[in-house]
Amino acid sequence: MAYPFCPTTPHFYPLCSTGSTSFIFLFCSFCSQLIPPVRTTDFDFELPPHLIAQHPVLKRDQSRLLVFLRATGQIQHLTTSDLPKLLSNNDLLVFNNSRVIPARLRGVLEDSGSDVEFLLLEEVGDRLWWCMAKPAKRLRKGRVVQILTLSKEKSGCFASLIEKNQDGHCLMQFNAEGDFLELLNTIGEVPLPPYINRPARTQSALDAERYQTIYANPPGSVAAPTAGLHFTPELLNTLEESGIKWEFVTLHVGPGTFAPVKAEELQEHTMHEERFFFPEKTAQSISQARKAGKRIVAVGTTSLRVLESVALRGPDLAPMSWRTKIFIYPPYQFKLTDALLTNFHLPKSTLLMLVSAFLSPGTLEGREIALELYRIAIKNEYRFFSYGDAMLIL
């Protein structure tokens with residue numbers, strides 16, 4: 001169960017029933033207030049299909065940028081290249097440097113020739129991966145899958161089932177010569193989100209380049225930390241010349257980032273788990289920035305989730321390698337994050353819920369603000385989702 005924070009004090013809400021099994025309130029013993037449940041349908045909106053970005057803009061930092069100042073409610077319409085004008089040397093940016101791997105593999109069962117598709121999720125041993133398989137029902141112990149190249153030739157890589165878990169994911173053992181991650185670069189496909197329409201096996205060199213941040217380093221994500229897609233070497237140089245510093249965290253983004261919230265009330269939703277690494281240098285820089293009164297600017301919801309997960313471990317920041325299932329939604333009182341750069345997200349998604357919480361920390365008002373900003377973005381023809389435009393919340 002993921003509990004939000006009390007709007008006025010950094011303590012958790014216990015759950016309290018009002019006597020009806022279908023209507024549960026959140027009760028804060030510190031405020032003596034009953035808070036109505038937050039429902040998934042409260043975060044729904046209609047998006048014209050033509051605003052779902054199918055391709056990136058010509059240059060990364062020319063994406064449009066909606067700027068929202070929480071203190072005044074002021075809105076500006078700029079581009080991401082304007083970030084140096086909006087930030088100052090009193091800000092510390094935090095990027096997620098996880099690299100997207102070519103995680104989609106296609107193959108055929110050796111005994112029948114039937115097609116099988118894998119989405120690699122997490123490596124847990126030497127060439128041993130948890131995967132999503134389609135169709136998983138075709139996989140049984142003893143059946144071998146021949147992995148094919150992008151041109152549908154035999155790759156020399158084979159996969160066999162070890163076990164299945166309760167989520168229907170398959171633990172697959174891959175057998176091939178050489179380094180497996182290097183092999184993925186020749187036989188794997190970039191796992192573009194389902195709302196980006198591409199014919200099967202039409203691996204695009206543009207997608208391989210642009211569905212990756214320019215500072216991506218440790219491999220492990222199956223989805224890009226998309227707020228970072230807007231940065232170019234030139235933009236980073238301009239930020240550096242302006243005295244703006246940055247640090248990195250690593251959160252390997254899983255497919256759960258696209259998973260719909262099926263629960264009617266948010267406190268009933270179980271968040272997907274993701275691996276993250278919070279390095280010592282980042283811990284030290286953030287600690288120094290906080291003491292100096294500097295703002296911590298999360299570049300993307302993944303960076304923010306790392307920061308707030310670390311904060312849950314205590315006030316003294318320390319390097320750590322951990323897993324997080326943190327679910328942030330209104331009302332939530334943020335501990336480490338002062339500003340957020342983020343893309344425009346799917347209706348009823350956990351990412352929209354997080355943004356709603358950030359727009360008005362510690363209250364339930366952020367949902368209405370978020371939906372109004374999204375209405376403005378739609379009216380002004382902003383592009384949505386992974387290859388879309390961005391919003392800066394200050």
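Analyst: A polar contact is a pair of N or O atoms within 3.5 Å. Keep that cut-off in mind for this predicted model.

User: Where does the side chain of S221 make such a contact?

Analyst: The side chain of S221 reaches the backbone nitrogen of V253, at 2.8 Å. S221 itself lies in strand β14, residues 219-221.

User: Is S221 buried or exposed?

Analyst: Buried means under 20% relative accessible area. S221 has 0%, so it counts as buried.

User: Which residues is S221 in contact with, beyond its neighbours within four places in sequence?

Analyst: One group is S98, R99, V100 and I101, and another is L251, H252 and V253.

User: What is the strand order of the open sheet?

Analyst: Read across its nine strands: β5-β4-β20-β19-β17-β6-β15-β16-β18. The pairing is mixed. At the edges are β5 (75-79) and β18 (320-324), each pairing on one side only. Direction ignored, neighbouring strands are turned by 25 degrees against each other on average.

User: Which helix packs on this sheet?

Analyst: Helix α5, residues 280-291. The strands it touches are β6 (91-96), β15, β16 and β17 (295-299). The direction of α5 makes about 135 degrees with that of β15.

User: How many bridges join β16 to β18?

Analyst: Five, and the two strands run antiparallel.

User: Which residues of β16 form the covered face, and which the uncovered one?

Analyst: E274, F276 and F278 form the covered face. R275 and F277 form the uncovered one.

User: Now to β11. How many of its residues are buried?

Analyst: Four of the five residues in β11 (residues 144-148) are buried, which leaves the strand mostly covered.

User: How many bridges join β8 to β11, and how many join β11 to β12?

Analyst: Three bridges join β8 (residues 104-109) to β11, running antiparallel. In that pair, V108 stands opposite Q146. Five bridges link β11 with β12 (residues 154-164), also antiparallel. There, V144 stands opposite S160.

User: Which residue takes a positive phi in the hairpin of β11 and β12?

Analyst: K152, with phi near 70 degrees. The hairpin has five residues between the strands.

User: Last topic, cysteines. How many disulfides are there?

Analyst: The test is a pair of cysteine sulfur atoms within 2.5 Å. By this rule the count is zero. Take C170: the nearest cysteine sulfur, that of C131, is 7.3 Å away, and C170 is in no disulfide.

User: Are C157 and C170 buried or exposed?

Analyst: C157 is buried, with a relative accessible area of 0%. C170 is buried as well, with a value of 0%.

Technical notes. Residues numbered from 1 in each chain as written. Predicted model: local features only at pLDDT ≥ 70, side-chain atom pairs only at ≥ 80, totals over all residues. Heavy atoms only, no water. Buried < 20%, exposed > 50% of the residue type's maximum accessible area, 1.4 Å probe, protein only. Polar contact = N/O pair within 3.5 Å; in protein donor to acceptor, adjacent residues only side chain to side chain. Contact = heavy atoms within 4.5 Å. Pairing = 2+ DSSP bridges. Axes fitted to C-alpha atoms, helices over the stretch in contact; angles between N-to-C directions.
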